[in-house]
Amino acid sequence: MLKSIEQVASVAGMLWEKGWAERNGGNITVNVTDELDEEFRSLGPIAGPFATGVRLSHLKGMYFYCKGTGKRMRDLAADPMANGSIIRICDDCTSYEIIAQQPVMPTSELPSHLTLHNYLIGNGYAYKASLHTHPIELVAMSHCDKYLDSTYLTRLLWSMIPETLAFAPLGIGVVPYALPGSVSLAEATLRQIEAHDVVLWEKHGTVAVGTDIMDAFDQTDVLNKAAMIYMTSRNMGFEPDGMTPEAVREVREVFNLPDRRR
């Protein structure tokens, strides 16, 4: 099994254990092109082609592992190739074929995920994985208007614990509620991904990108831990002081953290 798919199985299990992946909730796509040998690339499709509905000009001939539509993360953790599939983007850049291992149809949100990958590759970024999940505390905060301001929410989460800034230095973007799987949601997410690695969908969940699926999970995890600390403090009856702006600035300077994409 490919190393990246082994990682997918591990992450899927953690998502289930955290309660972030109820029933068939959440999606994962990973660019596995660089892990495939010539023998695999010579394989013909077992299903397709299927239209994506979007043009993916930077993904021609690339291969992605995708969680299957209607599949549960807990099942994916046990058997990723029975609950997902490897697809290849066709030469027309508007369709895909299922290459392996079973004809499992990818997530219905595949166009949105592939659009993210197309943007990132087109702009020269090394990101290979995208993760959509439902982190409980972050979703809860998205039900309150004042936390829907990306700048405010980012600074609040950064101030809860130094590791949040260290491991999620680009903060969190916020997208107002839109119908899951809709074009408007995909377009709004893409605008936020231009500046952030993790995006919060109001009253729904998060989308994260990373160099691999563990990286995307880790960034989501540290941001949600900060949300947990904040909510725990509030439940104890006080508003947490948070790190001072000076302390946050010190962490950024000492660890030479980026404040924008390079």
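## Aromatic pairs

Rings of Phe, Tyr and Trp (its six-membered ring) pair if their centres lie within 6.5 Å; planes under 30 degrees apart count as stacked, over 60 as edge-to-face and the rest as tilted. Ring pairs of this kind join Tyr-147, Tyr-152 and Tyr-230 into a cluster. This is a predicted model, where local features need pLDDT of at least 70 and side-chain atom pairs count only at pLDDT 80 or more, while totals for chains, interfaces and linings use all residues. Residues are numbered from 1 along each chain as its sequence is written, and side-chain values use heavy atoms, with hydrogens and water left out.

The structure holds six aromatic pairs. One of them is Phe-50 with Tyr-96: the ring centres are 5.4 Å apart and the planes at 40°, so this pair is tilted. Phe-50 belongs to strand β2 (residues 47-51) and Tyr-96 to strand β5 (residues 95-100), so the pair ties together parts 46 residues apart in sequence. (Strands, E, at least two residues, and helices, H or I, at least four, are DSSP runs numbered from the N terminus.)

## Burial and the tyrosine pair

Buried means under 20% relative accessible area, exposed over 50%, and partly exposed in between (1.4 Å probe, protein chains only). Phe-50 is partly exposed at 26%, whereas Tyr-96 is buried at 6%. The rings of Tyr-147 and Tyr-230 have centres 5.9 Å apart and planes at 80°, so they pair edge-to-face. Both Tyr-147 and Tyr-230 are buried.

## His-204

Now to a histidine: His-204 sits in the loop between β8 (198-201) and β9 (205-210), and is buried at 16% relative accessible area.
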